[in-house]
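Thanks for coming. Please have a look at the sequence and the model on the screen before I start.

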Amino acid sequence: MKSLQINLSRIAQGVAAALMAAMFLTFVLQITVRYTARLPGLAEAVPLLDPTRYGWTLEFCLLLWVWLVFWGNAFVVRDHDHVRFDILYLAVPAGLRRWFAILAGLVIAIGLLVSIGPTWEKFYILRLKKTATLSQVFGDWIRMRDVYVVYILFLGAVGMRYLWAVWTAFRHGVTDQDDAL
């Protein structure tokens, strides 16, 4: 079980790293095209460097950024990596801290998981909307729903992580080291 968790964690980190690499390479392409476009006659001599062909790079970087933020927070960033305001939580005895963790975890998990349905309903209309410029590179199949579907993954994954934290706090309590939340 632990090796599966480690492998899944490495895959999630690999996906995040690939998203960052693609965003960086697209950014380098933007810079290259922007500064070579100022050279007289270069776009005519080398049509590949024509700046009018690269409007899609901005939208592609934004797509990658959205995916990186939600993917990373759902599957890569751990709870202890977040900044927390836990003065009250750490000031109470361990027994009460356990119930704080259970109550807070349930509220967060239920809020996230219940919002999946209404969010998907709002995404329904996005299946019709095309991206502004990505069709230049990827064709006509990418829709705005595809850009934001990672948010549904985020809601589900983080909601399930909090349910697991609630279960762990309920079964084993919380310690100063792991703080179930």
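Predicted model: local features only at pLDDT ≥ 70, side-chain atom pairs only at ≥ 80, totals over all residues.

Rings to begin with. How many aromatic pairs are there? The count comes to 8. One of them is W71 with F75: the ring centres are 4.6 Å apart and the planes meet at 55°. Planes under 30 degrees apart would count as stacked and over 60 as edge-to-face, so at 55° this pair is tilted. Those two numbers are what we need, as a pair of aromatic rings is described by the distance of the centres and the angle of the planes.

Where do these two residues sit in sequence? W71 and F75 both belong to helix α3, residues 56-76, and lie 4 residues apart, which is about one helical turn. In general, an α-helix has 3.6 residues a turn, so residues three or four places apart point the same way. As for accessibility, W71 has a relative accessible area of 15%, and so is buried. F75 comes out at 28%, so it is partly exposed.

Elsewhere, ring pairs join Y54, W56, F60 and F138 into a cluster.

Two arginines are placed over tyrosine rings. The charged end of R97 sits over the ring of Y89, at 5.7 Å from the centre. R127 lies over the face of Y124, and here the distance to the ring centre is 3.8 Å.

Next, Q30, in helix α1, residues 2-36. Is Q30 buried or exposed? Its relative accessible area is 15%, so Q30 is buried. What does Q30 touch, leaving aside residues up to four places away in sequence? The contacts are T57, L58 and C61.

Last, helix α5, residues 94-114. Which residues of α5 are buried? They are R97, A101, I102, G105, A109 and L112. R97, then, is both a buried residue of α5 and the arginine over the ring of Y89.

The buried residues of α5 pack against α4 (87-91), α6 (116-126) and α9 (150-172). What is on the other side of α5? There, L103, V107 and V114 are exposed.

That is what I have; questions are welcome.

Definitions and conventions. Residues numbered from 1 in each chain as written. Heavy atoms only, no water. Phe/Tyr/Trp six-rings, centres within 6.5 Å; stacked < 30°, edge-to-face > 60°. Helix = DSSP H or I, 4+ residues; strand = E, 2+ residues; numbered from the N terminus. Buried < 20%, exposed > 50% of the residue type's maximum accessible area, 1.4 Å probe, protein only. Lys NZ or Arg CZ within 6 Å of the ring centre and 35° of its normal. Contact = heavy atoms within 4.5 Å.
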